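Student: I am new to this structure. Could you walk me through it?

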Amino acid sequence: MSDDKTSPSPNSQEDSGFVPGDDFTTQWINYFRLVFGRMTDDGERQWRKARDFRNEATDCAKCEKHRDYLLNYSPIIRFMRQNINKLGGDLHSENIRCRRCDTRQSGGFEKSYGIILCANELRDQGHVEDTMAHEMIHAYDHLRFQVQWRDNLRHAACTEIRASALSGECRWIREFWTKGQYKVTQQFQECIRRRAVISVANRPECKDDVQAAKVVNEVWDSCFSDTRPFDEVYR
């Protein structure tokens with residue numbers, strides 16, 4: 001991925017609250033400006049980009065360590081990998097890649113590329129496991145159901161529903177600690193709907209959030225109840 005290394009103009013630096021520089025003092029100045037609300041949204045984006053660029057090698061090395069461990073020892077990752085193999089696919093350390101991402105997402109799947117894990121957005125091994133499982137379900141769906149990724153929003157909505165339901169990313173304890181979701185009843189379904197709508201709305205073929213929500217609702221019953229290759233929701 002390419003990165004724009006051009007520094008913003010002095011006026012934009014002053015207005016955003018972000019101060020360019022990688023020295024220790026400047027890093028702390030930016031951190032405190034962020035914490036105390038003295039940075040605009042644009043300033044925060046510049047701060048995140050600088051931080052992620054600075055930590056790229058460390059983040060990717062940590063991500064790769066987690067990925068390799070999970071490929072060998074995680075029950076859900078091993079199970080998904082076996083079922084993908086049965087369909088003629090193969091996911092391994094060479095096509096599950098840890099990279100720094102410019103977008104605020106934890107990972108992605110592309111049929112000709114494999115899986116990308118956004119190392120700068122992944123908190124810990126559990127987050128890597130949920131993300132790998134989510135993207136592996138997309139890979140399974142691609143092979144099993146011939147998903148039309150670019151021109152069929154119903155297909156996209158269905159695989160997003162399944163990936164969020166089956167990966168474990170919407171289990172109550174994770175939503176409680178990472179999203180501040182305190183509901184007990186219907187929390188699981190609401191999380192899946194929310195994530196599916198956001199993913200569909202981000203596709204270029206989708207007009208807006210309203211259309212995304214409509215498509216998710218249209219396929220909800222059949223896709224939410226489809227737990228293949230699991231017998232039931234695993235996590």
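Tutor: Helices (H or I, at least four residues) and strands (E, at least two) are DSSP runs, numbered from the N terminus. This is a predicted model: local features need pLDDT of at least 70, side-chain atom pairs 80 or more, while totals for chains, interfaces and linings use all residues. Residues are numbered from 1 along each chain as its sequence is written, and side-chain values use heavy atoms, without hydrogens and water.

Student: Is Q146 buried or exposed?

Tutor: Q146 sits in the loop between helix 6 (125–145) and helix 7 (153–167). Buried means under 20% relative accessible area, exposed over 50%, partly exposed in between (1.4 Å probe, protein chains only). Q146 has 53% relative accessibility, so the residue counts as exposed.

Student: Which residues is Q146 in contact with, leaving aside neighbours within four places in sequence?

Tutor: Contact means heavy atoms within 4.5 Å. With those neighbours set aside, the contacts of Q146 are D141 and H155.

Student: How many helices and strands does the protein have?

Tutor: Read along the sequence, the pattern is α-α-α-α-α-β-β-β-α-α-α-α-α. The secondary structure comes to 10 helices and three strands.
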